[in-house]
Amino acid sequence: MTTLLAPPAPRARPLQRIPVAAPWLDAREDEFVREAMSTGAISGFFGEHISRFEREFADFCGCSHGVAVSNGTTALQVALAALDIGPGDEVLTSTLTNMATFFAVLHQGATPVPVDIEPDTFNLDPTQLARLRTPRTKAILVVHLFGHPVNMGPVLEFARAHNLRVIEDCAESHGAEFNGRRTGSLGDIGCFSFYANKIITTGEGGMCVTNNAALAAEMRSLKSLAFGEQNKFMHRAVGFNFRMTNLQAAIGCAQMEKIGAIIARKRQHAHFYAEHLADLDCLQLPGQAGYAHNVYWMYHVGLRGPLALRRGEILRRLAERGIETREGFIPFNLQEIFLAKGLTRRDACPVANEAAYRTFYLPSGPTLTEAQLAYVCDHLREVLTETAA
Ligand SMILES: Cc1ncc(COP(=O)(O)O)c(C=O)c1O
């Protein structure tokens with residue numbers, strides 16, 4: 001049996017259920033927030049935690065610049081804006097993602113083009129790019145889904161050949177690696193989320209990382225109303241207020257102390273699940289491609305065979321046993337709002353469509369105990385057997 005790291009001391013009364021995700025917060029977050037409070041640095045303009053968090057997180061990603069923002073969606077939007085992507089431009093992006101990825105492209109006035117996925121990793125399939133590129137294609141926005149990096153070799157080669165920008169949506173992939181390089185450092189800009197269920201959290205929050213000093217400066221300006229340099233109130237562009245506050249950054253600094261332990265624990269949890277569920281033919285378990293270091297943001301599984309049509313019933317039965325789960329994402333090309341606007345077609349991405357209604361994720365938070373993991377595995381096995389009977 002896998003040996004797990006000791007769980008952190010529970011912060012509040014233990015829950016009567018096993019949550020799908022729960023952050024790892026302890027006295028260090030309290031300490032750092034109190035420190036920020038004591039200096040009065042509570043906004044997104046002042047306070048040393050913002051620059052410290054930016055520096056530490058960018059370093060962690062293998063990047064020279066970090067620009068903290070208000071969330072993962074605004075990180076994507078400010079990255080697109082800094083790359084001057086807007087009306088008339090097409091952006092190739094994975095159809096299977098949190099729709100925030102698509103919303104950011106649409107808020108910039110650009111046109112998102114959904115790319116179908118690989119059946120094993122659920123990530124963007126690089127072999128589809130050539131078919132979908134047009135003279136208006138300006139960028140590829142990859143999404144490293146559920147902690148598994150996209151196969152970036154062919155993506156970067158295609159982008160180089162056609163002079164396209166590459167943005168990485170790393171909301172779910174802090175610390176994941178493609179051939180030994182961390183996500184966020186592979187394209188022009190990497191965009192992270194620090195929402196409460198992410199690998200590290202600031203409650204709400206995000207960051208753009210890059211090795212390009214000019215892009216970093218542009219994003220730093222755009223996220224903060226693009227104030228003028230000589231005369232502050234003579235603005236140099238139409239900016240946003242997407243600032244992260246120093247209080248949030250203080251939480252981020254505390255989270256940076258434990259990011260390695262959180263990722264180690266997530267990988268141990270994934271190994272535990274794999275060890276205890278591998279014999280269930282009706283489940284497709286997440287894996288790790290040869291090029292990948294998977295951080296298993298969420299343990300995302302697929303139902304196979306006749307049970308693939310019974311997801312709702314299975315999740316209901318798990319909920320009755322106190323096990324919280326979440327359905328997998330619905331692809332862009334099946335979203336009614338976009339179909340109604342004629343932005344996509346239902347049949348645009350057949351592989352994603354096949355996966356859309358048969359996947360879900362199991363409890364995956366870093367504070368799970370071995371007893372909780374064993375409880376989930378035993379009850380999932382029972383529920384699948386009962387449902388199949
Ligand atoms: C893949 C992906 N992109 C973008 C986002 C948006 O991040 P946020 O919720 O911080 O805006 C999320 C998650 O929430 C996500 O999972």
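Strand β3 is mostly covered, with four of its five residues buried (20 or more other C-beta atoms within 10 Å of the residue's own, C-beta atoms being placed from the backbone). Helices (H or I, at least four residues) and strands (E, at least two) are DSSP runs, numbered from the N terminus. This is a predicted model, in which local features need pLDDT of at least 70 and side-chain atom pairs count only at pLDDT 80 or more, while totals for chains, interfaces and linings use all residues. Residues are numbered from 1 along each chain as its sequence is written.

β3 pairs with strand β2 (residues 90-94) in the parallel sense over five bridges; pairing requires at least two DSSP bridges between two strands. Valine 115 in β3 has serine 94 opposite it. Between β2 and β3 the chain passes through α4, a right-handed β-α-β crossover (clockwise from the first strand over the helix to the second, with the strands pointing away from the viewer).

The protein is divided into domain 1 (27-256) and domain 2 (260-388), bounds that come from an automatic or database domain assignment. In all, 29 residues of domain 1 are in contact with 26 residues of domain 2 (C-beta atoms, placed from the backbone, within 7 Å). On the domain 1 side, β3 (111-115) and β6 (177-178) are the elements that give two or more residues.

Key: Two residues are in contact if their C-beta atoms, placed from the backbone, lie within 7 Å. A residue is buried if 20 or more other C-beta atoms lie within 10 Å of its own, exposed if 12 or fewer, and partly exposed in between; C-beta atoms are placed from the backbone.
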